[in-house]
Amino acid sequence: MAPARGCSRATFLDRLPPELLAEIHGRLGFVDRLALAASCAARSRLALKPEAPCLVLPGAFADRITVFSLADHHAAAARATDPAMRDHVVLGSSSSTAAGWLVTADAQGDLRMANPVTGEQADLPAITTIPFIRPLGGAFCLCMGPFADVRFRGEAPSADGTFDGAWWGGRATFTHTADQMRLWFYRKVVFSVSASPTPSPRGYAAMLILSRNLGAPAFATAEDPVWRLAPSRDGVEDAIHHDGRFYSVTYSGAVEAWDRRGGGSGEFVSRAVAPRLAFQEHGLSRKYLAAAPDGRLMAVLKYSPQEKGDGVSFKVQVLDEARRRWKEASDIGDAALFVGVNATLCVAAREYHGVRAGCVYFTDDNIGETWLRHERRGAGNYGYGYANREANHEIRDVGVYSLQSGKTERINATLQEHPRWPPAAWFTPSV
C-alpha cells in the first residue's frame, strides 16, 4: 500500500482508521514495526500494540546501535542519534513499559534523554547544578565537606563495614575526569516522563543514583531543572518510579519512598515503607527493586558465581503488605523481571510474545568493570581481581534465569558477536 501522490507517509498513515493501522502494525516484522511507529504521529501511535522489552547494544560502528527484539529474536541496526546515542553509555530507562526513553552519559559527563526509535532527545541538568560539584579543566571536583553534610545530615560517616568512614577522612575534594564520571561517579538514572498524549520528556522526573562510595541520590524535574542532593545514610543501591513516586532500596536493605518537601525548597525526603530486607550476604552482588503488574513491591537479589563453571543466580522476595513481611518466592506466576545497570522492570509475560514467565532477564550491571575488561581484552592480565570473573562468561553476558529450575540460558547466541562496550541495556520501544 503506497501513499497517495502529494501525501507524506506520516500523513497517509495518520489518516488510516486506528483499528486498520493496528492490524497492519501487528502483521509486520520487528524492523518494520519500529519503522512504522516512527513514521506515525503521536496520536496514531496510541493505537499500536506495545513492544516487548528489547536490548540496546553497540553497533559495528560508532554511529550505529543495535536493537534486539525478544519477541522476534531479531536484531535491527539503527543510526545512533547524535549526540545522545553516539558512543553512548545507557544509565537509565523510563519507568513506563511503553515510554521508550533512555538516559545516556557521554565522555564529557553530560546526561541526556533519548528515544532511539523516534530520534528525539533532550538534555538533563548539568551535574554542576549540584553546588559543590564544579568543573576543573576537563574534570569534575566534588567538595567532600558539604557533600557529606547533606548525605549524612551533618553527622559523621559510618564505619560499620557498609560504608568505610575512613574513606572520607582527610579528603577535602574528590576528582574524576569527565570520561570517568560515567564509569565511577554515576550509577543509574531512574526517571519518568509525561504520558499525555504520548511519552515526552517535557514532564520528566529523574533520580540520579551515585556510585556506592558516594551513595546519595539527587533529584531533578522539568519544573525544577537542577540536581538536588538528598540525604541517605545507608546509600541508595537501586530505585524505581512507581505509582507517581520514587521507591528505593539501600545497601542495608531499607526500602523507602521519596516525596518532595513542601515550602518551595525542592528537597526530596524519604520514609520507610516496608520492613528491612533480610538476605544472605555471601556472594550477593546486587539488589534491585521492582513493582509487580499488580503493584506489589518485589526485591531481586543477584548472586555472583562462587565456583568455576557456576553462573549467576537470583532470588526474589515479594512484599506481603498485610503481614508486613518479605516472602521469598520461586514462583512469581505470570510475571517476568528485567534487571540491569539501567533498568528494573516487571511485566506480565502473557502480554508480550517471546517473554517467559517466572524468569529474570539480566544484563551486565557494572559499567566500570565492563570498561576495564574492554580496555584489557587480549592483554592476558585484567588486574583488579577480575581475571577469575572474566573466565566466567555469564557474569557479563545477557541471559535469562529461571527461578523454578535455577538454570541460566543465553538469550540468543548471536548476541555474543556484538562488541561488549558499551554494556547492553534494556529498552522498551515507544509506539
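Figure 1. The nearest cysteine sulfur to C141 belongs to C143 and is 5.2 Å away. A disulfide needs two cysteine sulfur atoms within 2.5 Å, so C141 is in no disulfide. C141 is buried, with a relative accessible area of 3%. C359 is another buried residue, at 2% relative accessibility. In general, a disulfide is a covalent bond between the sulfur atoms of two cysteines.

**Figure 2. The whole chain.** The chain has 431 residues, and 55% of them count as buried. Eight helices and 28 strands make up its list of elements. Its accessible surface comes to about 18800 Å². Carbon and sulfur atoms account for 48% of that surface. Take the contacts between residues at least 6 apart in sequence: 54% of them join residues at least 24 apart.

Figure 3. Side chains of opposite charge can pair when their charged atoms come close. Here K302 forms a salt bridge with D365, and their closest N and O atoms are 3.1 Å apart. Where do the two partners, K302 and D365, lie? K302 lies in strand β20, residues 297-303. D365 lies in the loop between β25 (359-362) and α7 (367-376). The pair therefore ties together parts that are 63 residues apart in sequence. Both K302 and D365 are buried.

Figure 4. The side chains of E409 and R356 meet in a salt bridge, at 3.2 Å from N to O. E409 lies in strand β27, residues 408-410. R356 lies in the loop between β24 (344-348) and β25. The two are 53 residues apart in sequence, so this pair also ties together separate parts of the chain. E409 counts as partly exposed, at 39% relative accessibility. R356 is partly exposed too, with a relative accessible area of 36%.

Figure 5. E267 and R261 meet through their side chains in a salt bridge, at 3.1 Å from N to O. E267 is partly exposed, with a relative accessible area of 22%. R261 is partly exposed as well, with a relative accessible area of 41%. Elsewhere, D106, R112 and D123 are linked in a network of salt bridges. How many salt bridges are there by this rule? The count comes to 15.

Figure 6. Is α7 mostly covered or mostly open? The helix is mostly covered, as seven of its 10 residues are buried. The buried residues are I367, G368, E369, T370, L372, R373 and R376. At the start of α7, N366 reaches in with a side-chain oxygen. That oxygen of N366 comes within 3.3 Å of the backbone nitrogen of G368. In any α-helix there are 3.6 residues a turn, so residues three or four places apart point the same way.

**Figure 7. Confidence along the chain.** The mean pLDDT of the chain is 82. Of its residues, 82% reach 70 or more. Two stretches call for care. Over residues 160-166, pLDDT stays under 50, and the model has 13 contacts there beyond four places in sequence. Over residues 378-395, pLDDT also stays under 50, and the model has 28 such contacts. Where pLDDT is low, the predicted coordinates should not be read in detail.

Conventions:
Residues numbered from 1 in each chain as written. Predicted model: local features only at pLDDT ≥ 70, side-chain atom pairs only at ≥ 80, totals over all residues. Heavy atoms only, no water. Salt bridge = Lys/Arg side-chain N within 4 Å of Asp/Glu carboxyl O. Buried < 20%, exposed > 50% of the residue type's maximum accessible area, 1.4 Å probe, protein only. Helix = DSSP H or I, 4+ residues; strand = E, 2+ residues; numbered from the N terminus. Contact = heavy atoms within 4.5 Å. Areas by Shrake-Rupley, 256 points an atom, 1.4 Å probe, with all protein chains shown as cover. Polar contact = N/O pair within 3.5 Å; in protein donor to acceptor, adjacent residues only side chain to side chain. pLDDT = per-residue confidence, 0-100.
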